[in-house]
Amino acid sequence: MPDARLRSQRSRVVVVGDGRLAERVAVGLGATHVPELPDDPADLLRDVGALVAVGHTADFALETTERNRRERLVERARRAARAVVAHELHGVVVSSAMVCGASPGRPVIGDDEPRDEVASTSPGVVGRIAAFERAFEAELSTEPGEHRSTILRCAALVGPGVDTLVTRHFEAPRLLVVRDAARGWQLLHVDDLVSAVRTALAEELTGVLVVGPVHDDGTPDALTSAEAAELAGKRLLTLPASTAFALAENLHRVGAVPAPPDELAFAVYPWTVDPRRLVAAGWRPSWSSARGVGALVEGLRSGLTLAGRRVGARDAAALGAAGAAVALLGTAAVWRQARGHGHR
């Protein structure tokens, strides 16, 4: 059920988006879910006070198999923005902090952080999410007046059914780390994303907000690679950045993985967020990053449903994108090390 503060004359919430994340958000909010807005959404939006548009599916199989994905997302964002204006709604966009980029030694990502130009123009998943954000903002800017809108940029998501480049990173036999690049693992459970959407609506928060787990004192909750590996029951595999990205490039070139090799950055470099405005508004996550690792591992044990069939973690790691590249990178590196020892 929606928070009691959301109940008003226009109490209904509509969630638009395909993929598992949109479905989960709709269920958590007690909202109506539609994959796309109709040409004339007047009937659908009657008595609706808020529209949540999901541009981040958390469904890698969908992201890497659907043709014309970017065009569909851009059109969805434009329709959502027009509906926000025409029906005087509070519009909430569910995005990802990946649009701000990941690089060695970067500071935490705060609210209103600008999009990283390189990451946000990528032909892969990150570029598509950024295109969704830009299209929503651009459409709103063409309409006069002030409009209630919020962009929520998530940390790495975990939870039932979540399938992303980060979760696939943990499908590898070992957890890859890049030499001389400390990486914090901040894992946001989808239930806490739902509560963040609820807080944004109830407190009428607008602008760009980041969402990620925090400690009791409100500081970002992120695990070291060693801590994440121990919780996941894995060992670390350390490679030079040049080796990791060269292997990813080669795998992409021969078609072994569909994602651009630069998206491997989001599995090996930090993009921790600091959700100060949400915390100041009273939001607190129920899941820590440590518990998030547990949820992630549990999901891998039960297997994933990809492309309409049930597969195990080992099969899933061969199916695609940057996270799966890590499994292949790890296998290749171990194989090369074994060959080196054998020739001595």
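Let me start with a term: on a 1 Å grid over the protein atoms alone, a cavity is a set of points where a 1.4 Å probe fits but cannot get out. Lining residues have an atom within 4 Å of a point. A pocket, by contrast, is an open set with protein on both sides within 12 Å along at least five of seven lines.

Now the ground rules. This is a predicted model, in which local features need pLDDT of at least 70, side-chain atom pairs count only at pLDDT 80 or more, and totals for chains, interfaces and linings use all residues. Residues are numbered from 1 along each chain as its sequence is written, and side-chain values use heavy atoms, with hydrogens and water left out.

So, cavities. How many of 30 Å³ or more does a search of the whole structure find? Two. A volume here is the space filled by probe spheres set on the points, which are joined across faces, edges and corners.

The second largest cavity has about 40 Å³. Its lining is Ala 155, Ala 156, Arg 183, Gly 184, Gln 186, Trp 271 and Thr 272. That splits into three nonpolar, three polar and one charged. For the classes, Ala, Val, Leu, Ile, Met, Phe, Trp, Tyr, Cys and Pro are nonpolar, Asp, Glu, Lys and Arg are charged, and the others, Gly among them, are polar.

The largest cavity comes to about 150 Å³. It has 18 lining residues, and nearest its centre are His 56, Met 98, Val 125, Thr 164 and Leu 165. Helix 2 (60-65), strand 6 (156-158) and helix 6 (165-169) each give two or more residues to this lining. Helices (H or I, at least four residues) and strands (E, at least two) are DSSP runs, numbered from the N terminus.

Next, an open space. The second largest pocket has a volume of about 160 Å³. Of its 14 lining residues, Asp 116, Val 118, Ala 119, Asp 262 and Phe 266 are closest to the centre. Helix 4 (117-120) and helix 10 (265-268) each supply two or more. The lining has seven nonpolar, three polar and four charged residues.

Last, a helix pair. The axes of helix 1 (residues 20-29) and helix 7 (residues 190-202) come within 9 Å and cross at roughly 60°. Axes are lines fitted to C-alpha atoms, for helices over the stretch in contact, with angles from 0 to 180 degrees between N-to-C directions. Contact means heavy atoms within 4.5 Å. Helix 1 brings Leu 21, Arg 24, Val 25, Gly 28 and Leu 29 to the contact.
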